[in-house]
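This report describes selected local features of one protein model. Please consult the sequence and the structure shown below while reading.

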Amino acid sequence: MIRTLIVDDDSLVHVTLRTLIDWESCGYTVIGDCGSGAQAIDFLSKDPADLLITDIKMPETDGLELMSKLKESSSMPVTIALSGYDEFELVREAFRLGAYDYLLKANINRENLTQMLNNLREKVFPNAIASSDAESSSAAFPKLEDGCYIAAVFIVEDFSQTAQRFGGNLKDRLERPMLELVRQIRRLNGRAEIYAKDPSRYELFYKVQDRSEARSAVLSAVRQIQGVWHDFMNINTSVGISGVISSSETEQAVRRCETLCKLSVLTGAGGICCQWEDGELAETYEAEALNCDGFITALCGDSPNLLDNEAGIWFSALNQLDGKSHSERILILIARLAERLQNYGISFFDIFSEQVNFRKALKELETSRERELWLKNTLRKVQSFCSAVRQEKQKGDIQRAKEFMKDNFANPELTLKTVADYVGFSEKYFSARFTKECGCTFISYLNDLRIRRAQELLLQTNMKMYEISDAVGYANVEHFNHMFKKKLCISPKSFRQGEK
């Protein structure tokens, strides 16, 4: 099991992360929760962890200081940073300190968390096996008969939307029908085996009998599988195909196929990338994709100064290249951008047509200057789209905040920070955004909820004043009396008597 420590000063985040998924079924065990970076340092000195999930902004020792101290002591676990929407500059600093990835608090849900942990387990902790997979690990990387094979990995495009369409129990409603459709293809009988890693990903192993015809045979089979899934289930997939491998090389081949799948976006929806054509680009992607994350983070954020800085750094490096290397660096950025947008819940094809072929468009440009201008225009479209999505989502988040306050106003410990953390904003940003959209301050809105409920209790019950004060979230009856009179220009007692 991958030993995991969660660090956040909000107990609600701890509860959400712990209860959202079955950690052990994903191959993880949560060894502890800490409320600050200082507590985490003390905890880790006695009980090391493999994975650290930490908030960036905390009192006392914050997440960045925590990472810095752990890095200095050479005891920093693999780290995932938790952030709000307006903390992209802090996310960039987290990457510089060695963070492996980050997760927006507003995007924490079962699907995103499970996907992140599964990807992390496969890429960083390949020897760790989830408990739910322990008995079927041979199915994850099957023991094939001796011989030569070609592996293919199919990834369901826009999986979140597909999952919603098929509803609950995806194993029965999605995974099993997809496997059954493939197993009914006669040409594959005795020649290929297909396995489901999960409902979003499928692995095919095609036995090679004639090397001279293997590539064309596999490509034909892959296209037929894609067609069957599209025609019968309206499901599109991207595909990565390995070269010829031995039966002992399945794991390495599958990992390379996953990278090839990420590059398939460059040719449009339903793209197929093969090792014999794109192996060199895949290798470069694996080595350099992370270097794009600072720029991509700024591009998807709302800080013009940060974007100008990151764009300057990235384009300066690009200008040092020419020819094939120049084009490859642009393709890597686009593919990585598509991957990161998926983490935001945005499909690349929501921005660009499914038929857009970025590789073809780039090949038609002869000079580095032309390619750079084309890229900036492409990125401008992404930036505009992300800005519109962010604004729309933020409106929804304020509504979620109001609903959360309505459900929890009776808690005297409900604060601006608690609600801001719930929707994934910093206190300062949330306060300004709330006031702008609601026409009143956070505390004014909270007091309105409490006083409105107090009026109902005064008229409908015989509860004593201190009981009503406690029921609507005030710590003491004196403060309740003061706030009630300030709001309605009458004391609670007079209000009750006057209505009678």
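## The loop position A410

A410 lies in the loop that links helix 17 (368-408) and helix 18 (416-423). The model is a predicted one. The relative accessibility of A410 is 36%. Because buried means under 20% and exposed over 50%, this residue counts as partly exposed.

Which residues does A410 contact, leaving aside its neighbours within four places in sequence? The partners of A410 are D470, A471, V472 and G473. For one of them, D470, the separation from A410 is 60 residues in sequence, while the C-alpha to C-alpha distance is 7.6 Å.

An open sheet is built from five strands, arranged in the order 7-8-6-9-10, with mixed pairing.

Y149 has I245 of strand 9 as its bridge partner. Helix 11 (residues 275-288) packs on the sheet, where it touches strand 9 and strand 10. The direction of helix 11 makes about 80° with that of strand 10.

Is helix 12 (residues 293-300) mostly covered or mostly uncovered? Helix 12 is mostly covered, as eight of its eight residues are buried. The buried residues are D293, G294, F295, I296, T297, A298, L299 and C300.

## The packing of helix 12 against helix 13

The axes of helix 12 and helix 13 (residues 304-318) come within 9 Å and cross at roughly 145°. This crossing is left-handed. From helix 12, the contact involves G294, F295, A298 and L299; from helix 13, it involves L306, L307, E310, A311, W314 and F315. By class, the residues of this contact divide into eight nonpolar, one polar and one charged.

An α-helix has 3.6 residues a turn, so residues three or four places apart point the same way. In helix 12, the contact residues F295, A298 and L299 are also among the buried ones.

Technical notes:
Residues are numbered from 1 along each chain as its sequence is written. This is a predicted model: local features need pLDDT of at least 70, side-chain atom pairs count only at pLDDT 80 or more; totals for chains, interfaces and linings use all residues. Side-chain values use heavy atoms; hydrogens and water are left out. Buried means under 20% relative accessible area, exposed over 50%, partly exposed in between (1.4 Å probe, protein chains only). Helices (H or I, at least four residues) and strands (E, at least two) are DSSP runs, numbered from the N terminus. Two strands pair if DSSP finds at least two bridges between them. Contact means heavy atoms within 4.5 Å. Axes are lines fitted to C-alpha atoms, for helices over the stretch in contact, and angles run from 0 to 180 degrees between N-to-C directions. A crossing is left-handed if the near helix is turned anticlockwise from the far one by less than a right angle, and right-handed if clockwise. Ala, Val, Leu, Ile, Met, Phe, Trp, Tyr, Cys and Pro count as nonpolar, Asp, Glu, Lys and Arg as charged, and the others, Gly among them, as polar.
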